[in-house]
Amino acid sequence: MKYIGLVTVIVLSLGCTNTASSSHNPEIMADLASQLKDVAAAVDGTLKFNANTFNDPQALLMAAINNDASKIAPFKGYQLKIETQANNAVLLLCKDEVILIEDAGCTAQSDVQHWQSKQKQACQLTINTTEICKP
């Protein structure tokens, strides 16, 4: 009888922990990853093959999507960052400065699903494009 309170606290704690770790709906995240992959490929292609030089990541993004804001509308409420390494572009999708998805535009698949990790990571580049982007 004296352990009922302790058991109740443990059960409630586990319930809260489980809720916090599953805050990202896998279906929604898979859809975002797919759309991010497409935008990342467009950004990477623009970086490599456009005659203009882009010093502003936002200008690069808008040129890549032909100023069609509907292509980045699914990422509303998230932070969308563009990083470049050498001549490769990587897009980071973050929420509250925590990285969720990372995609190098040079690859055909969505590269890193950080949201599935138990450890939160800062919204920073983790991919080394010299290793994954083959000429």
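Modeller: Two residues are in contact when heavy atoms of theirs lie within 4.5 Å of each other. Keep that cut-off in mind for what follows. Remember too that this is a predicted model.

Leu92 sits in strand β2. How accessible is Leu92? Its relative accessible area is 0%. Buried means under 20%, so Leu92 counts as buried.

Which residues does Leu92 touch, leaving out those up to four places away in sequence? The list holds Gln79, Leu80, Lys81, Glu83, Ile99, Ile101, Glu102, Cys123, Gln124 and Leu125. Ile82 gives a sense of distance. Leu92 and Ile82 are 10 residues apart in sequence, yet their C-alpha atoms are 6.4 Å apart in space.

Four strands make an open sheet, in the order β1-β2-β3-β4 with antiparallel pairing. β1 and β4 are the edge strands, each with a single partner, so one side of each has no neighbour in the sheet.

Take the β1 side of β2. β1 and β2 pair over seven bridges, in the antiparallel sense. One of the bridge pairs is Leu80 with Leu93 in β2. Leu80 is also on the contact list of Leu92.

Take the β3 side next. β2 covers residues 88–95, and six bridges join it to β3, again antiparallel. Here Leu92 has a bridge partner of its own, Glu102 in β3. Glu102 is on the contact list as well. β2 and β3 form a hairpin with two residues between the strands. In that hairpin, Asp96 takes a positive phi near 50°.

β3 deserves a moment. It spans residues 98–104, and six of its seven residues are buried, so the rest of the structure largely encloses this strand. On to β4, which is made of residues 112–113. Two bridges join β3 to β4, and the two run antiparallel. Ile101 stands opposite Gln113 in β4. Ile101 is one of the residues that Leu92 touches.

A disulfide is a covalent bond between the sulfur atoms of two cysteines. How many disulfides does the structure hold? There are two.

Cys123 is bonded to Cys94, with sulfur atoms 1.8 Å apart. Cys94 lies in strand β2, while Cys123 lies in the loop between β4 and α4, so the bond ties together parts 29 residues apart in sequence. Both cysteines are buried. The torsion about their S-S bond is about 75°, so this disulfide is right-handed.

Cys106 is in the loop between β3 and β4, Cys133 in the segment after α4, and 27 residues separate them. Its torsion is about -70°, so this disulfide is left-handed. Are these two cysteines buried or exposed? Cys106 is partly exposed, at 27% relative accessible area. Cys133 counts as buried, at 11%. With the bonded cysteines numbered in sequence order, the pairing is 1-3, 2-4.

What packs against the strands? Helix α2, residues 26–49, has 24 residues. Its buried residues pack against β1, β2, β3 and β4, and against α3 too. Among them are Met29, Leu32, Leu36, Val39, Val43 and Leu47. An α-helix has 3.6 residues a turn, so residues three or four places apart point the same way. The length of α2 can be checked. At 1.5 Å a residue, the helix should span 34 Å, and its end C-alpha atoms are 34 Å apart, which agrees. At its start, a side-chain oxygen of Asn25 comes within 2.7 Å of the backbone nitrogen of Glu27.

Step back to the whole protein. It has four helices and four strands. Along the sequence they follow the pattern α-α-α-β-β-β-β-α. Of its 135 residues, 29% are buried. Among contacts between residues at least 6 apart in sequence, 47% join residues at least 24 apart. The accessible surface comes to about 8,500 Å², and carbon and sulfur atoms account for 55% of that.

So much for the setting of Leu92: a buried residue in strand β2, with Glu102 as its bridge partner in β3.

Definitions and conventions
Residues are numbered from 1 along each chain as its sequence is written. This is a predicted model: local features need pLDDT of at least 70, side-chain atom pairs count only at pLDDT 80 or more; totals for chains, interfaces and linings use all residues. Side-chain values use heavy atoms; hydrogens and water are left out. Buried means under 20% relative accessible area, exposed over 50%, partly exposed in between (1.4 Å probe, protein chains only). Two strands pair if DSSP finds at least two bridges between them. A disulfide is a pair of cysteine sulfur atoms within 2.5 Å. Accessible areas come from the Shrake-Rupley method with a 1.4 Å probe; for residues, only the protein chains shown count as cover. The expected span of a helix is 1.5 Å times one less than its number of residues. A polar contact is a pair of N or O atoms within 3.5 Å; within protein, one must be able to donate a hydrogen and the other to accept it, and residues adjacent in sequence count only if both atoms are side-chain atoms.
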